[in-house]
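Hello,

Here is the structure I said I would pass on. My notes on it follow below.

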Amino acid sequence: MLIDTHTHLDDPRYDNDREAMITRAREAGVGAFITIGCDRSTSQAAVALAEQHSFIYASIGVHPHEVKHIADDWYDEFRRLAKNKRVVAYGEIGLDYHYNHSPPKEQRERFREQLQLARELQLPVIIHTREAQEDTITILKEEKASEVGGVFNCFSGDAWLAKDALDLGFYLSFSGILTFQNATMLREIAKNTPLDRVLIETDCPYLTPAPHRGKRNEPAYVSLVAKQLAAIHSDGPNGAIDQIERITSENAKRLFKIA
């Protein structure tokens, strides 16, 4: 069984075939999905989707791009949503200094607030960081995020970020980027990451893995990420795919406390 630990199943690009897309993933061996909240409405949508399928779980939270929109009642709504047993994580939260869709200062303030809320709710955190490594690690340490644990999703950072994340007790989640031709450094990082600290994801509908680049991504393609990870950890072209499927699924179950 595969677990796609980071999807955006509520994305409008799935509106015409969402159930068919989910069925394709199930037929491809995906046993469970986590669909991610990026603001108030997408968090609500994630929980609603999780309630419709026994194999879908949800996260709640506000992406750094969207924190400028946080209103007074958002955190109370997240507290309400977190009472639902289908909610297994808080995120995607963090810092993004590449686009700065929200002001950096506000990003840092809201990141701290959300880490505090995740600790209050006792939910592991899903971390987004781009061009903000030092601030991300500093804030995670100062806000004692290791007490709830978490994962750096769609990991594409350097070896120093990988080490910092692992030293905090976090997991690294690898996406379709691992299959990109120019991802030599990332494959080396994946090779040197202990397998008991690795998760896999699609981040769909984004970052479609080879050989489907240019098309809409979907959870069925998480098998291609697993295949690439297996090849990295083995001499053969396919590697020990069964081992990768088993270990990454066990890791996801342990972090997110899912059956």
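**Q107 and its surroundings**

Setting aside neighbours within four places in sequence, Q107 is in contact with P64, V67, G94, L95, D96, Y97, N100 and S102. Please keep in mind that this is a predicted model. Q107 belongs to helix α4, residues 104–121. Its relative accessibility is 1%, so Q107 counts as buried, the cut-off being under 20%. The side chains of Q107 and N100 make a polar contact at 3.5 Å.

N100 itself sits in the loop between β4 (87–96) and α4. With a relative accessible area of 34%, N100 is partly exposed.

**Backbone notes**

Most residues other than glycine have a negative phi, and most peptide bonds are trans. N100, which is not a glycine, has a positive phi of about 50°. K144 also has a positive phi, near 55°; K144 is in the loop between α5 (133–142) and β6 (150–152) and is partly exposed, with a relative accessible area of 46%.

- C204 to P205, with omega about 15°; P205 is in the loop between β8 (198–200) and α8.
- A210 to P211, with omega near 10°; P211 lies in the loop between β8 and α8.

**Helices α8 and α9**

Helix α8 (residues 222–232) packs against helix α9 (residues 241–256) at an angle of about 115°, with the axes 8 Å apart. The two are therefore roughly perpendicular, and their crossing is right-handed. A226, K227, L229 and A230 of α8 meet I241, I244 and T248 of α9 in this contact. By class, the contact has five nonpolar residues, one polar and one charged.

Regards

Note on methods
Residues are numbered from 1 along each chain as its sequence is written. This is a predicted model: local features need pLDDT of at least 70, side-chain atom pairs count only at pLDDT 80 or more; totals for chains, interfaces and linings use all residues. Side-chain values use heavy atoms; hydrogens and water are left out. Axes are lines fitted to C-alpha atoms, for helices over the stretch in contact, and angles run from 0 to 180 degrees between N-to-C directions. Helices (H or I, at least four residues) and strands (E, at least two) are DSSP runs, numbered from the N terminus. Angles under 35 degrees count as roughly parallel, over 145 as roughly antiparallel, 65 to 115 as roughly perpendicular and the rest as oblique. A crossing is left-handed if the near helix is turned anticlockwise from the far one by less than a right angle, and right-handed if clockwise. Contact means heavy atoms within 4.5 Å. Ala, Val, Leu, Ile, Met, Phe, Trp, Tyr, Cys and Pro count as nonpolar, Asp, Glu, Lys and Arg as charged, and the others, Gly among them, as polar. Buried means under 20% relative accessible area, exposed over 50%, partly exposed in between (1.4 Å probe, protein chains only). A polar contact is a pair of N or O atoms within 3.5 Å; within protein, one must be able to donate a hydrogen and the other to accept it, and residues adjacent in sequence count only if both atoms are side-chain atoms.
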